[in-house]
Amino acid sequence: MTLTEVEGRRLRLTHLEKVLYPETGWTKAAALHYYASIAPRLLPHLAGRPASFLRFPEGVQGQRFWAKRVPAGAPDWLSTLDVEHREETLRHVVVADLPTLVWAANLGALELHVPQWQLEPTEHDRLIIDLDPGPGASIVDCCTVALAARRALAADGLTAWAKTSGSKGLHLLVPLQPTPERVATGYVRHLAMRLRKADPALVVDRMDKSLRRNKVFVDWSQNTSAKTTVAPYSIRAGDRPLVSTPVSWTAVRDCRRPEELEFTPEQVLARRRDPMADLAEPRYRGRLSE
């Protein structure tokens with residue numbers, strides 16, 4: 001155990017030598033270093049949003065579980081938010097600062113997921129266009145759909161930023177003026193239908209998994225208040241550590257192989273530019289009509 005102080009908060013860091021990714025030997029210490037280092041870029045995407053953690057206390061080959069409620073023994077200085085779920089109200093952690101981020105990473109919270117709203121679930125402040133490749137398709141196909149989605153969004157006065165899912169897909173984030181959930185979800189559902197009608201050989205907008213072979217599923221349901229999406233710059237829990245990484249539209253346009261849009265934590269930390277640096281700028285917040 002290591003005692004440390006982070007921005008005035010005392011934290012106990014444990015089992016730093018534990019290997020979280022056996023295929024590469026990547027350790028808990030490396031995960032903590034990554035999250036502490038990427039915090040200035042990551043924290044703005046978590047601010048005000050109730051976090052859901054996907055925890056791997058023994059590493060990616062061990063038990064995994066979702067952690068939505070504040071755990072017993074959590075520090076009393078954590079920021080929290082009560083969220084009404086279908087059967088109960090849960091108190092979630094809001095990752096508001098670096099000490100909270102390091103505390104969560106020390107618990108084995110490799111993946112950080114948040115909804116498309118801040119503070120109030122009926123008012124969304126962004127859209128998520130979740131592009132998920134089915135069997136036989138890849139992120140390269142997602143890039144083709146993403147470019148079409150970007151054009152459609154721009155025609156509606158909306159600006160989109162792209163990031164990898166850190167797995168097989170691609171996500172587009174669109175900042176909004178405060179928008180009712182039903183309007184946000186309805187818009188993305190209609191957008192998915194428009195993309196499918198424009199390219200039915202590549203795009204599917206229905207949940208039925210049997211329809212997804214060689215196609216890209218536009219998962220509009222990720223915009224409902226109950227759903228969460230992995231945050232930009234979160235690590236993902238695959239065979240090796242990859243990051244849900246913001247990427248430029250040039251990178252999306254030029255992608256020819258899936259490997260071109262796979263990024264390790266070390267590669268992300270080495271990048272000088274944040275392609276999502278302007279996402280929170282008020283001038284980019286679009287408006288949807290009811």
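Predicted model: local features only at pLDDT ≥ 70, side-chain atom pairs only at ≥ 80, totals over all residues.
**View 1. Now for the interface of domain 1 and domain 2**. On one side, 24 residues of domain 1 touch 27 residues of domain 2. Together the two domains bury about 2300 Å², and 56% of that is on carbon and sulfur atoms. Within domain 1, the residues losing the most area to domain 2 are Tyr 34, Arg 41 and His 45, which together make up 31% of what that side buries. The rule also picks up two salt bridges across the interface.

**View 2. Asp 125 meets Arg 49**. Their side chains form a salt bridge, with 2.9 Å from N to O.

**View 3. An aromatic pair, Trp 161 and Tyr 284**. Searching the whole structure turns up four aromatic pairs. In one of them, Trp 161 and Tyr 284 sit edge-to-face, 5.1 Å centre to centre and with 80° between the planes. This pair ties together distant parts of the chain, 123 residues apart: Trp 161 belongs to strand 11 (residues 161–164), while Tyr 284 is in the segment after helix 6 (265–270). Trp 161 counts as buried because its relative accessibility is 10%, whereas Tyr 284, at 22% relative accessible area, is partly exposed.

**View 4. Arginines over phenylalanine rings, at Phe 217** **and Phe 263**. Arg 212 places its charged end over the ring of Phe 217, 3.9 Å from the centre. Over the face of Phe 263 you'll find Arg 271, 5.4 Å from the ring centre.

Technical notes. Residues numbered from 1 in each chain as written. Heavy atoms only, no water. Phe/Tyr/Trp six-rings, centres within 6.5 Å; stacked < 30°, edge-to-face > 60°. Helix = DSSP H or I, 4+ residues; strand = E, 2+ residues; numbered from the N terminus. Buried < 20%, exposed > 50% of the residue type's maximum accessible area, 1.4 Å probe, protein only. Lys NZ or Arg CZ within 6 Å of the ring centre and 35° of its normal. Contact = heavy atoms within 4.5 Å. Buried area = accessible area lost by both parts, 1.4 Å probe. Salt bridge = Lys/Arg side-chain N within 4 Å of Asp/Glu carboxyl O.
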